[in-house]
Amino acid sequence: MKVLITGGAGFIGSHLAHSLVKRGAEVTIVDDLSMGRLSNIADMAQVTFYQRSVCDYEFMHGLLKRGKFDYIYFLAAIASVADSIKRPWETHQVNSEAILNSLEFIRREHIKVKRILFSSSAAVYGDDLQVPKGEGSAIRPLSPYAIDKFLADRYMAAYGKLYHLPTVCVRFFNVYGPKQNPQSPYSGVLSIITNCLVKGRQFKLYGDGTQTRDFIFVEDVVRAMIMIVEKSTASTVFNVANGQENSLAEVIQVYEKIARRTLKIDYLAPRAGDIKRSVADVSRLNDLGFKSRWTLAAGLEAYWNSV
Ligand code: UD2
């Protein structure tokens with residue numbers, strides 16, 4: 001089995017690469033290392049790695065043409081809502097134009113592939129207070145990040161319907177776990193909290209902590225993606241989440257107990273484009289046969305033990 005993972009040196013991509021290598025897949029990674037790190041790739045000797053941007057179209061075309069990939073995972077992205085607000089144009093190029101460009105090349109060149117997965121996002125649902133958010137819920141993108149994720153998400157569906165490419169999208173909710181880079185202010189909140197707990201630093205909480213999220217441990221996310229790619233038969237969309245709604249304040253409380261430390265908190269104004277409530281309806285994913293193995297407490301404990 002030959003697999004291409006763009007963003008395979010990143011947080012989610014590197015876990016996926018490791019899992020696929022363990023299953024005997026031949027894995028190729030494209031990553032420009034803007035967010036990802038080489039040290040994330042556990043099996044460097046067993047993968048083919050290219051330090052390239054997905055916006056390097058000449059390179060991508062050559063790779064897609066000669067790669068003979070069975071499965072393609074498009075995970076490379078500017079992965080942060082706040083970062084996208086600072087860099088809307090770059091976000092557009094990486095998060096949506098590069099996807100369209102590859103899809104169009106695959107179509108034009110009649111490249112055979114069993115399934116192409118795109119990492120869309122819960123951000124597409126925006127600030128609709130009606131929760132849980134199902135795949136058919138209202139779409140209200142609030143940020144350049146969400147707009148571009150939705151654009152590529154719809155191109156995937158259109159290329160499935162119009163040109164019969166075997167596409168599928170996953171809408172990630174809040175993914176956490178080992179290897180999530182805590183160095184940037186745009187990193188996932190749990191990696192920032194972990195870093196603050198380890199180093200005894202002040203955590204900047206944007207808002208009052210009542211904002212809610214649906215956190216899913218990265219190992220569950222990897223299993224869900226592999227299952228979706230292997231089992232889905234249509235160009236559809238799957239929410240990838242736990243289906244549990246937790247406020248940030250609750251999560252901090254659970255984490256403090258596990259770490260046996262107190263988080264020093266600095267309360268600041270809410271972030272622009274921030275969503276107030278987020279929780280998924282995961283029945284479509286469950287119907288495919290997926291069951292989450294990690295409760296929030298178990299995931300946080302595994303994460304804490306890894307640092
Ligand atoms: C996450 C994903 C994003 C997208 C979105 C879907 C990350 C980094 N981002 O955005 O890619 O899929 O979900 O809805 O995983 N916060 C603080 N202090 C900090 C950092 C964050 O208070 O130092 C707050 C932040 O304002 C927000 C919550 O924590 O209310 C979660 O923030 P996040 O950046 O981890 O993730 P989110 O939900 O904005």
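I took contact to mean heavy atoms within 4.5 Å. Helices (H or I, at least four residues) and strands (E, at least two) are DSSP runs, numbered from the N terminus.

I noted that this is a predicted model, where local features need pLDDT of at least 70, side-chain atom pairs count only at pLDDT 80 or more, and totals for chains, interfaces and linings use all residues. Residues are numbered from 1 along each chain as its sequence is written, and side-chain values use heavy atoms, without hydrogens and water.

**Helix H10.** I looked up H10 (residues 296-306) and found Leu296, Gly299, Leu300, Tyr303 and Trp304 buried (under 20% relative accessible area, 1.4 Å probe, protein chains only). These residues lie on the same side of H10, because they cover an arc of only 135° around the axis (taken from the directions from the helix axis to the C-beta atoms). Their cover includes strand S7 (174-176), helix H6 (189-199), strand S10 (215-217), strand S12 (246-247) and helix H8 (248-259).

**The sheet.** I then traced an open sheet of seven strands, in the order S3-S2-S1-S4-S5-S6-S11, with parallel pairing. Two strands pair if DSSP finds at least two bridges between them. S3 (47-50) and S11 (237-240) are the edge strands, each pairing on one side only. Neighbouring strands are turned by 20° against each other on average, direction ignored (axes are lines fitted to C-alpha atoms, for helices over the stretch in contact; angles run from 0 to 180 degrees between N-to-C directions).

I checked one pair. S1 (residues 2-6) and S4 (residues 71-74) share four bridges in the parallel sense. Leu4 stands opposite Ile72 in S4.

**Helices on the sheet.** H1 (residues 11-22) touches S1, S2, S3, S4 and S6, and its direction makes about 170° with that of S1. H4 (residues 88-108) touches S4, S5 and S6, at about 165° to the direction of S5.

Terms used:
Buried < 20%, exposed > 50% of the residue type's maximum accessible area, 1.4 Å probe, protein only.
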